[in-house]
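The sequence and coordinates are shown below.

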Amino acid sequence: MAVVSPIGLVAPINHSHKVWEDPGFIKWRKRNAHVPLRSHDTVEGSLRYWYDRSKVDFLNSNLATWDDDAVSGALESAAFWVKGLPFVKSLSGHWKFFLAPSPESVPVSFYDIAFDDSDWQALPVPSNWQMHGFDRPIYTNVVYPFPINPPYVPSDNPTGCYRKTFRIPTEWKGRRILLHFEAVDSAFFVWVNGVLIGYSQDSRLPAEFEITDCCYPCDSSKENILAVQVLRWSDGSYLEDQDHWWLSGIHRDVLLLSKPQVFITDYFFKSTLDKNLVTADVQVEVKLDISNNFEDATLARLTMEATLYDNTWWYACGNNEGKVDLSSYDALHLNLRSPSIGSDGFHCYIFEGTLERPKLWSSENPNLYTLVLVLKDASGDILDCESCQIGIRQISKAPKQMLVNGLPVVIRGVNRHEHHPRTGKTNLEACMIKDLVLMKQNNINAVRNSHYPQHPRWYELCDLFGLYMIDEANIETHGFDLSSKFKHPTLEPSWATSMLDRVISMVERDKNHACIIAWSLGNESGYGPNHSAMAGWIREKDPSRLLHYEGGGSMTSSTDIVCPMYMRVWDILKIAKDPSENRPLILCEYSHAMGNSSGNIHKYWEAIDRTFGLQGGFIWDWVDQALLKMDSDGQKHWAYGGDFGDTPNDLNFCLNGLTWPDRTPHPALHEVKYVYQPIKVALTENTVKITNAQFFDTTQAIEFSWHLLGDGCSLGCGILDLPIILPQESYIIELESSPWHSLWKTCSAREIFLTITGTLRHPTRWAKDGHVLASTQLSLSTKDDSIPHVIRSINNTNLISEHVDDTITVRKQNWQIKINTQTGTIESWKVGDCSLINQGIIPCLWRAPTDNDKGGGPSSYFCRWKDALLDNLIFLTDACSIRELSNNMVQVKTVYLGVPKDQNTDHESENPSHILCRVDVDYCIHESGDVIIDYKIKPKDDLPPLPRVGVVFHIEKSLDHVTWYGRGPFECYPDRKEGAHVGIYGSNVRDLHVPYIAPVECSGRADVRWVAFQNSNGFGLYASIYGTSPPMQMSASFYGTAELETATHNHYLVERDDIEVHLDHKHMGVGGDDSWSPSVHDEYLVHPLPFSFSMRLCSIYPSTSSQDIYRSQISQ
């Protein structure tokens, strides 16, 4: 069988022209793009449908699943999305499936009715076939997974063959039948009952075909046979080189829709607000699709109605929802202008009306209306009914500003790929809700769909929850940057049709969503005439939104927003202050969250919050794109590029998320929440200033509280009684009249911190009441640091010192410390029978490199460290002397020389060129059991910035409960600690570990004053800063630096038999401006300078208070 198209298309089993390698042939018999259709039977049914779909909140996110249960969950979601639609049928379920190695080797006539598919396997639809054991996933960032030779693709082109049976419901008799694919990757042919219906490509947008004449009548005993042939690679793949997994198949739902002979096929809602935002002029353009045999006289007697219903009243229904007439909440009946025939041949209607005092949509107040369109016959009976959720809001431009409802909202955004670790690109309702709940709870108000149109339900949910959105066309040709032979498709006329079709289809599908504030022409695809054409079409079609495109330098005529990616803070400031640039700057990507990253982000927000013309940005990105993979031991783990034997691949560059694949937040998300928080608190000399940084909401729904800490201990707390603060306004609290003033002034603590917290008074769609919206900690005062530390002497007994061979033992009553005279360090420390330290305290300059440390090739910190041999550094004892200063003190002085391991000789002091670092250590062991250690570290001045400057030692594994006074409770580093408050925190060592999928330096806590390691009986080791030394960086782990550096996956790590502890005087920031160039800001680098610091160690007993030990250092 062969069906011939105008260009001679024949069935793919028997052809010479490969249409999937022709960029001019992108679709055949495919209906024009349009908004999603619901085919309601009544107005009440349409309202009930939206009412049910709007009943989502944070509780639904608890149903999100990330393992094998997600496979059935995806099918349940597909069924839910069409529930309540009598003329829409989901074909989701298990289909018959066969994977052929190429299009030429598919089973002969597999689409025929009589074909025997009994030996085919079952595959859930929707799904990606690679997630079910067929073929393999491939992860690449820039490079194409096949040689570039456009428009040709490899002959090794896995091709999925699908078969599914279906029946037409008897209620659909006499109606037209549409077959709708939400999305298929990457190109496909479709047959019904052996008849070739059509062809389509574009892996992220719908394809719809009319199949009325090919289906058996609904009263027939025969089942219809649907067959689909999906190609993994097509010419369209050249336009889909996004930084994510290449996965194939029917990954969104397949629907059957039933429509009358004439039906509503598309509509476009528009609104215009007056200058005072109190009146909205609304317009709806409606298109009808009319069958060829429909009589003009009958058409003339049809009538159309358009009505807006106010959703706000729905939420007052409570438990009486089933008894309430939802249609009684109509807000506006629109007036019909004369019907006309549009330029595309469709019969068109235009409705108009004016809505007084509309409830405006914004991220803070996502008010929605339901638009219902009704087509009636001459008798007034409903022929067709369509509906959607709409929001009334205005997007406009002002000098250096993007305005929403007249105000320059700040974009606190994130980029989001569609990604599920078990189902790949297939979406689940609860998982999308989980994303939105987490985003809103962490003060994220905007999302960029990177880098393609996403599932239709995602837009509905963003409308409901309130997220500003950049909707992005499915166009990326990044890999052409690596080619000297081929130009980017945007420069080639042969690709113009395909590129423009992707933009048109996106806009036509999504045009009625209030959440969309800007259209994007795609990502990283160069710049050329095809982009100009796309920009021109959108600006003519929809001037109500802004246009976004970063390619070509982020400042071309095809973008209304200066939208650079990964531009440094100082450079965005230059653009903002450039008087010749009149557009707002919104970073389309920044703060690359790869592994232990997101440092410096507060620097961006210091600039954004203070600089006119800077309006926010979108973090890269939301989720670690790892996939679940079964290991050889039968255990499942997170897998990244190359783990499936995929080549080429870009390894773990897919792990850039603020969350793990199961949406467990990374520690960096706490920092994001802090810099994005909408309540700002600042301390001046005599006041506390609280600013409402929201643009539409007052603080009426926020409860403020205060908490005062002295040296980490609670001094007092209470509710802060504030007047309502208007949007963009502030309230000043005089310190002298504040409720904490007397506590503060009478407190003897060395450090006093005040925390101001704002929580939700009432539950919202995205959080329960009591949720912390914002929390800021202020340092009120610090005692004079010049006060000397004093070790309190105990005079009743003397120290006992014994020298045997190379060991000196210093002991008193129930503790003893052994010092090795050859190494000049403590080699063991015991309290009674409890061992504390089992490996000596030695200097340390090295850390397990982070992904950001490795970024930048030869100029990366990691390469510079290796070139300087810091990765191979050992410390040799050059000198050691021990003396008893009195009956209550023993002093040990040691000199270490840091040399590369392979240049170790017995006379390093005679080869100064080998010495990278000299360390002078002075131990003083007091009768109190305190050990004071003074360090002087002098690195060579020609070394690169150092990873860390501190000490490392190993303690008994049983000392696994850690308490510290410093920043926390989560992981934080010098350039990522703004959201981590100073306090006293506790944790198990195992819980301190941060399981980044690709192991790196982790588990650090910044600005630690003291730390205690104790066993279950309360015995342990205490360490603190001493003298004038500043707070330190602390980490403790069952995994040593060497293990973290060599392991490729977290699940390969093996716990040590002890705990590795790092106490750092200085620790380099983690960076995060990007991950491919050195990005740690200068103030967070550890330059090779002389360092001096001191620390105090002592034993802890069950009755000991670490806080009392810390206080005991201070002169009374």
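## The E23–E24 hairpin

In this predicted model, strands E23 and E24 form a hairpin with two residues between them. Lys-400, located in the turn, has a positive phi of about 60°. The two strands, of which E23 spans residues 395–398, pair in the antiparallel sense over four bridges. Within this pairing, Lys-397 has Met-402 of E24 as its bridge partner.

Strand E24 comprises residues 401–404, and both of its faces are covered. Gln-401 and Leu-403 are buried on one side, while Met-402 and Val-404 are buried on the other.

## An open antiparallel sheet

Which order do the strands of the seven-stranded open sheet follow? The order is E1-E9-E8-E11-E6-E3-E4, and the pairing is antiparallel. Strand E1 (27–28) and strand E4 (121–125) are the edge strands, each pairing on one side only.

Inside this order, strand E8 (residues 187–192) and strand E9 (residues 195–201) run antiparallel and are joined by six bridges. Ala-187 has Gln-201 in E9 as its bridge partner.

## Two buried strand residues

Ala-280 belongs to strand E15, which covers residues 279–290. Its relative accessibility is 0%, and Ala-280 therefore counts as buried, the cut-off being under 20% relative accessible area. Apart from residues up to four places away in sequence, Ala-280 touches Thr-272, Leu-273, Gly-353, Thr-354, Leu-355, Pro-358 and Ile-392. Asp-68, by comparison, is 212 residues from Ala-280 in sequence, and the C-alpha atoms of the two are 48 Å apart in space.

Tyr-349 lies in strand E20, residues 347–356. Is Tyr-349 buried or exposed? Tyr-349 is buried, because its relative accessible area is 3%. When neighbours within four places in sequence are left aside, the contacts of Tyr-349 include Val-284, Glu-285, Val-286 and Leu-288. Leu-302, Met-304, Leu-336 and Pro-339 are also in contact with Tyr-349. Asn-293 is 56 residues from Tyr-349 along the chain, with a C-alpha separation of 21 Å.

## Packing of helix H9

Helix H9 runs over residues 601–610, and its buried residues are Ile-601, His-602, Tyr-604, Trp-605, Ala-607 and Ile-608. What do the buried residues of H9 pack against? Their helical partners are H8 (569–576) and H10 (668–676). They also pack against strands E25 (411–416), E30 (585–590) and E31 (614–619).

The chain contains 16 helices and 58 strands. Its C-alpha atoms fill a box of roughly 115 × 70 × 55 Å along the principal axes. A compact globule of 1116 residues would have a radius of gyration near 32 Å, so the 33 Å of the chain agrees with that expectation. Of the 1116 residues, 63% count as buried. Among contacts with a separation of 6 or more, 74% involve residues 24 or more positions apart.

The accessible surface comes to about 40500 Å², and carbon and sulfur atoms account for 50% of this area. The side chains include 98 positive and 138 negative ones, and the centres of these two sets lie 2 Å apart.

How values were computed: Residues are numbered from 1 along each chain as its sequence is written. This is a predicted model: local features need pLDDT of at least 70, side-chain atom pairs count only at pLDDT 80 or more; totals for chains, interfaces and linings use all residues. Side-chain values use heavy atoms; hydrogens and water are left out. The radius of gyration is taken over C-alpha atoms; the globule rule is 2.2 Å times the number of residues to the power 0.38. Buried means under 20% relative accessible area, exposed over 50%, partly exposed in between (1.4 Å probe, protein chains only). Contact means heavy atoms within 4.5 Å. Accessible areas come from the Shrake-Rupley method with a 1.4 Å probe; for residues, only the protein chains shown count as cover. Lys and Arg count as positive and Asp and Glu as negative; His and the chain ends are not counted. The place of a charge is taken as NZ of Lys, CZ of Arg, CG of Asp or CD of Glu. Two strands pair if DSSP finds at least two bridges between them.
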